[in-house]
Amino acid sequence: MAGSAQYEELVRQFSAFGAVKREINRIMPADCHSGSAAVLTLLGRYGDMRMSKLAERLSVDMSVTSRHVAHLAERGWIERSPDPADKRSRILHLTPAGRTQLDELFRRTTQLLAERLADWSDEEVGWLTQLMARLRDSFGDTRAVSRPAPPALEQTTRTPAST
């Protein structure tokens, strides 16, 4: 188990990670904030779903989910249709315009990551991906897909950026 100093450094790194998220948000279209992007991403990954399931996957309250859904529906990126099993409930699904918007979001974020991580090896990017997925699994993230633990990390000569 890691020592207290390692966990304290991890807390500092989490705090500094906000800068990464802010930069990703800056490259998003003005009318597609992070909540909207999260909804599009989940619908793109898992397909049609009820609003309650979406709220669960987002780990937010139904009122927050409703605002995101309304924003996306106004733009024509998702549609809400009656659930055949329960007419009081709605099924959400991406429209072709929503799929186009999602593709654009992925294009932008992929390009940004490719630029910022250009000096990382494929192996390092793989480690980061695996470790982030494992971290999410440890917190019970319903969006996470279980992955095997990464191979032991070798010590590198690179000094991490300080925060």
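Residues are numbered from 1 along each chain as its sequence is written, and side-chain values use heavy atoms, with hydrogens and water left out. An open sheet of three strands, in the order β1-β3-β2 with antiparallel pairing, is described below together with the ten salt bridges that a search of the whole structure finds. Helices (H or I, at least four residues) and strands (E, at least two) are DSSP runs, numbered from the N terminus.

**Confidence**

- The mean pLDDT of the protein, pLDDT being the predictor's confidence in each residue from 0 to 100, is 86, and 86% of the residues reach 70 or more.
- Confidence is lowest in strand β3 (residues 86–94), with a mean of 90, and highest in α6, with 96.
- Over residues 144–163 pLDDT stays under 50, and for this stretch the model has 23 contacts beyond four places in sequence, a contact meaning heavy atoms within 4.5 Å.
- Where pLDDT is low, the predicted coordinates should not be read in detail.

**The sheet and the helix across it**

- Strands of a sheet pair through backbone hydrogen bonds, either parallel or antiparallel; here two strands are taken to pair if DSSP finds at least two bridges between them.
- In the order β1-β3-β2, the edge strands are β1 and β2, each of which pairs on one side only.
- The antiparallel strands β1 and β3 are joined by two bridges, and M49 stands opposite L92 in β3.
- Six bridges pair β2 with β3 in the antiparallel sense, and these two strands form a hairpin with two residues between them.
- The bridge partner of E79 in β3 is H93.
- Helix α5 (residues 62–74) lies across β2 and β3 and runs at about 115° to β2, where axes are lines fitted to C-alpha atoms, for helices over the stretch in contact, and angles run from 0 to 180 degrees between N-to-C directions.

**Salt bridges**

- A salt bridge is defined as a side-chain nitrogen of Lys or Arg within 4 Å of a carboxyl oxygen of Asp or Glu, and exposure is given as relative accessible area, with buried meaning under 20%, exposed over 50% and partly exposed in between (1.4 Å probe, protein chains only).
- D83 forms a salt bridge with R50, the closest N and O atoms lying 2.5 Å apart.
- Because D83 lies in strand β2 (residues 78–83) and R50 in strand β1 (residues 49–50), this pair ties together parts that are 33 residues apart in sequence.
- D83 counts as buried at 7% relative accessibility, whereas R50 is partly exposed, with a relative accessible area of 30%.
- E74 and R75 meet through their side chains in a salt bridge at 3.5 Å, N to O; E74 is exposed at 66% relative accessible area, while R75 counts as partly exposed at 33%.
- Within helix α6 (residues 96–116), R108 and E104 lie four residues apart, about one turn of the helix, and the closest N and O atoms of their salt bridge are 2.7 Å apart.
- Both partners of that pair are partly exposed, R108 at 27% relative accessibility and E104 with a relative accessible area of 23%.
- Salt bridges that share partners also join E23, E115 and R116 into one network.

- T95 is found in the loop between β3 and α6 and, at 8% relative accessibility, counts as buried.
- The side chain of T95 reaches the backbone oxygen of G76 at 2.5 Å, a polar contact being a pair of N or O atoms within 3.5 Å, of which, within protein, one must be able to donate a hydrogen and the other to accept it, and for which residues adjacent in sequence count only if both atoms are side-chain atoms.
- Not counting residues up to four places away in sequence, T95 touches G76, W77, I78 and E79.
- T100 lies in helix α6 and is exposed, with a relative accessible area of 53%.
- The C-alpha atoms of T100 and W77 are separated by 8.6 Å, although the two residues are 23 residues apart along the chain.

Key: Predicted model: local features only at pLDDT ≥ 70, side-chain atom pairs only at ≥ 80, totals over all residues.
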